[in-house]
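Work through these exercises with the model open. Try each task before you read its solution.

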Amino acid sequence: MYDFMTNRHLRYRFFEGSWRAGGELSDYENNEDIDHAIALSLAEEEERQREKDQKGKHVIDHDSQLEEDELLAKALQESLNMDSPAQTPPETPPRLPVQPLPQLPPQPTPHFPPPIDRGNMWQPYPFFSYGYRTCSGCGAEIGHGRYLSCMGGFWHPECFRCHSCNEPITDYEFSMSRNRPFHKLCYKEQHHPRCDVCQNFIPTNAAGLIEYRAHPFWMQKYCPSHEYDKTPRCCSCERMEPRDTNYLVLDDGRKLCLECLDSAIVDTNECQPLYLEIQEFYEGLNMKVEQQVPLLLVERQALNEAMEGEKQGHYHLPETRGLCLSEEQTVRTILRRPRIGGGHKIMDMITEPYRLIRRCEVTAILILYGLPRLLTGSILAHEMMHAWLRLNGYPNLRPDVEEGICQVLAHMWLESEIVAGSSSSSGASSSSSSSPMDPGASSSSSSSSKKGKRSPFERKLGDFFKHQIESDASPAYGEGFRIGNQAVNKYGLRRTLDHIRLTGSFPC
């Protein structure tokens, strides 16, 4: 064991009288060889000092001096080993290799909880982390081992769980919504829109964005491809028919959903009670139609043929569902309600020719068959206004004025039907329906109230037909209605009609 650094150190320890090697007293303090060596060393030191004083400046080579000290110490050690029994110094236990710690930014001083009594269990090797971390899930301290750092906090792996299924998130990627983590699949199930037609996830477009179509009223979402893949759409409510859903196929190719079929009118005789109700509605407005105008329900082909033979009139393309005729024609009308056969198709359609004779300015009103009662009634109210205008001396009106005021009457009839069929009191319904009309309008709502309450879907369907009238984009039917409805709300129906008779336009 080497305990001699320099001669100066040896001299200091000697004069202090506490020679130590490895922390213990030496047994060879009185040995003559040691005294001799020390005396020799002192003599050499004194000789060097004299030479230094004589020359004034003497440079000592530190490396050569250190080498001489080492040789001297080695000689002393060999002499000790020869004169005394050998003693085996205690073995120094091997040291484990020290792994360099990673360079981390400065952290606050760690705080450790008091030791826990674990009985006979071995305590783990203490690991002094560079900071105190708390799990954002359970609130406990994060000790040794794996942990996650995300969402602005630290987590035990088992505490970082999906907000939907409550299972740990072990994937490399996850989704977030409202600062809550989700498995990507769970997030897709909850937030990715599904098609209301095929029930699949709506695919993304080339830019990676979710692109879908939505009905402006029903808010039905569906894949853009369904607009071109011949997916059936109801001819009444305009909703796309979901897959594996039954619907009625009419003989002219139109599709009718089963909910609209519940109140559909499909033959002329079935439509007569509704025709009487709308006549009463006009009488309540002091606008009775004096002449008996035939009402016929027809197929699409018969309606198109009659439209070609009519010299006057404004038609709402691409599809006309009602027509007020002024010419003599022969029209095929539906005589009896057809039967619904296998595959939900119309069968045994029976029609007969009906000869129209011109006795006044109006020969007949034609309505497309197979539509729900409220839609059939609104079309009939529209066409009856055409008849009333022609029979009461309103000739040659501009399309936006004539079609606009006819749409106002159809909208008013729908409002009266919806109010009468709701749970509101009769007083509320009469005041609501008579606000834009003349005082006699209350009788029309009272007659409609005899029909009782509507089903929730039928009330929703009535709101949809009103929405169609209000949001129509055509110049004649859409813009004409909005201008006419504003005039009726401001001046009343009677004054608006008088202004139209005098000027051919709506009052401002």
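**Exercise 1. Aromatic pairs**

Find how many aromatic pairs the whole structure holds, then describe the pair of phenylalanine 217 and phenylalanine 464.

Solution. 
- Step 1: apply the rule. Rings of Phe, Tyr and Trp (its six-membered ring) pair if their centres lie within 6.5 Å; planes under 30 degrees apart are stacked, over 60 edge-to-face, and the rest tilted.
- Step 2: count. The search of the whole structure gives eleven aromatic pairs.
- Step 3: take the named pair. The ring centres of phenylalanine 217 and phenylalanine 464 are 5.4 Å apart and the planes stand at 50°, so the pair is tilted.
- Step 4: Phenylalanine 217 is in the loop between S7 and strand S8 (221-222), and phenylalanine 464 is in helix H12, 247 residues apart. Helices (H or I, at least four residues) and strands (E, at least two) are DSSP runs, numbered from the N terminus.
- Step 5: follow the chain of rings. Phenylalanine 464 also pairs with phenylalanine 465, tilted, at 5.7 Å centre to centre and 50° between planes. Ring pairs join Phe217, Trp218, Phe457, Phe464 and Phe465 into a cluster.
- Step 6: check burial. Buried means under 20% relative accessible area, exposed over 50%, partly exposed in between (1.4 Å probe, protein chains only). Phenylalanine 464 has 1% and is buried. Phenylalanine 465, at 2%, is buried.

This is a predicted model: local features need pLDDT of at least 70, side-chain atom pairs count only at pLDDT 80 or more, and totals for chains, interfaces and linings use all residues. Residues are numbered from 1 along each chain as its sequence is written, and side-chain values use heavy atoms, without hydrogens and water.

**Exercise 2. Helix H13**

Compare the span of helix H13 with the expected value, then find where H13 bends.

Solution. 
- Step 1: get the span. H13 (residues 475-491) has 17 residues and reaches 22 Å from first C-alpha to last, close to the expected 24 Å. The expected span is 1.5 Å times one less than the number of residues.
- Step 2: locate the bend. H13 bends by about 25° at phenylalanine 481. The bend is the angle between axes fitted to the seven residues ending there and the seven starting there.
- Step 3: list buried positions. They include Gly478, Gly480, Phe481 and Gly484.
- Step 4: find the packing partners. The buried residues of H13 pack against helices H8 (373-391), H9 (399-421), H12 (456-471) and H14 (493-503).
- Step 5: look just past the end. Glycine 492 has a positive phi of about 90°.

**Exercise 3. Cysteines**

Count the disulfides and explain why cysteine 257 forms no bond.

Solution. 
- Step 1: set the cut-off. A disulfide is a pair of cysteine sulfur atoms within 2.5 Å.
- Step 2: check cysteine 257. The closest cysteine sulfur, in cysteine 260, is 3.4 Å away, too far for a bond. Cysteine 257 is buried at 4%.
- Step 3: check cysteine 235. The closest cysteine sulfur, in cysteine 234, is 5.2 Å away, again too far. Cysteine 235 is buried at 15%.

**Exercise 4. Positive phi**

Solution. 
- Step 1: recall the rule. Most residues other than glycine have a negative phi.
- Step 2: take glutamine 199. Glutamine 199 is partly exposed at 45%.

How values were computed
Contact = heavy atoms within 4.5 Å.
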